[in-house]
Amino acid sequence: MRHVRRRTVRRATRLAAVGGLLLGGVMVTQAAMASEPPATMTVPGGAAQSVASTGADLVKRLGTARTAGSWVDAEGRPVVAVTDEDSAAAVRAAGAEAKVVGHSLNELKSAAAALRSAPRVAGTAWVMDYKSNQVVVRGDSTVSASDWGRMTDVASGIGSFVRMERTEGTFTTRLNGAQPILSTGGRCSAGFNVTNGSNDFILTAGHCGPTGSSWFADNQGAQQVGETVNSTFPGSDFSLVQYAGGKAGAGADIVAIGDGNGVRITGVGDAAVGQRVFRSGSTTGLRDGEVTGLDATVNYPEGTVSGLIETNVCAESGDSGGPMFSEGVALGVTSGGSGDCTTGGTTFFQPVTKALAQLGVQLIVAAPSDAAGNGASPAPSEGAPQPSSSPTQAAVAPGSVTPGSTTPVTGGTGAVSLVARLTDPRNIGPGLLVIAGSLVALVATRYIRAEQDRKAYQRHYSATWG
């Protein structure tokens, strides 16, 4: 697997306190740079809520034999694809736009199933494009002409509503094996903080490391963030890192967006096609874009992952596992994609709702007083923090959407770690790679449990190691 060449970090995320804060972004020991006091910035959040009858609700009510997905148009109105005029009338009566199409969601799903049953070709991906009423199959630059020809034959046998496209770059997971923070798998980005009621965890990407991977937050490997206790990849792409101290601490409801600021997370929901979303990562900071497809399947070199959210948000190596959100609602964690943040690209995300359901954990969200005080919708207050019951807040004009209620990132004690300094774009210089390489060697030597385990892992993820 090829690495996407790392670009100069523009708005690197610099957060997370071990035994205190761990915000979306890199896992570091200080929430904000000591040399840069957190700025005070207020961004309106929580105002964009779902309309009473969303596209997803209508698809569920009418059924997949009469509908073919839904999306949000440029004015923020839900649009539902339907297969007959009676269904169209029902959609319009509910206050949504209707588009009559030739193929039902059942037919699109059947086409995707046929593609999955064909011989696997690494470097390919497909997604149901609701707007065009087609299944779009993409092949990256690594797919040979013969393999692409075989895929084209399979698509032709399914029907004309399967569209074939070649894409530049390569579909890779966004893992970086040569930069801190370190685990047995390399550097990733923290996603969201979650809890099972007794212990707190970091929800991140599964390809970042298998169960048993240890994560550290300092240059000496003396401060352990936690250990991966549950990892699913391929198939899906999510994992849980249990905090070494058991608890995430203050600020667990915040994800970092750079420049000393974070967004309060007030709930969890499902993404919608056409929705404007934001992603934060330890390499490229805060980026935004649009959801372009759902239930995507990607054939990474390491294996196939299905059920992903497709977007036109860019990402690069090291952004893996970072959070995707909109208006303070958690939507996904970064899986992989193609391209970079200079030329643009496609990025896929593991839906948070599916990961939480399979892992049996709940998102840690802002307390009602915190959410209300920052212009966000309050979250339930009984017991452990609960996710929002709203399935999505996508029915709002995409251009008016914000990441969410923005708050200064504060907290944490002690000196700023070397890792935090390395992730500050002002400090990038010629010695960065030398220092990072030394840290990799140091931590790998001292803290990888056994040489044979390391070699086995390296063989499995050989392309992700520096």
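In which sense, parallel or antiparallel, do strand β15 (residues 267-268) and β20 pair? In this predicted model, β15 and β20 pair in the parallel sense, over two bridges. Within that pairing, Gly267 has Val329 of β20 as its bridge partner.

**Burial of β20**

Strand β20 spans residues 329-340, and eleven of its twelve residues are buried, so the strand is largely enclosed by the rest of the structure. Buried here refers to a relative accessible area under 20%.

| Partner strand | Residues | Sense | Bridges to β20 |
|---|---|---|---|
| β7 | residues 172-173 | antiparallel | two bridges |
| β15 | residues 267-268 | parallel | two bridges |
| β19 | residues 323-326 | antiparallel | four bridges |
| β21 | residues 344-351 | antiparallel | eight bridges |

Individual bridges locate these contacts along the strand. Val329 is the β20 partner of Ser326, and Val329 is also the β20 partner of Gly267. Thr172 is bridged to Gly337 of β20. Asp340 has its bridge partner in β21, namely Gly344.

**Hairpins**

β20 takes part in a hairpin with β19, in which two residues lie between the strands. In that hairpin, Glu327 adopts a positive phi near 55 degrees.

Note on methods: Residues numbered from 1 in each chain as written. Predicted model: local features only at pLDDT ≥ 70, side-chain atom pairs only at ≥ 80, totals over all residues. Heavy atoms only, no water. Buried < 20%, exposed > 50% of the residue type's maximum accessible area, 1.4 Å probe, protein only. Pairing = 2+ DSSP bridges.
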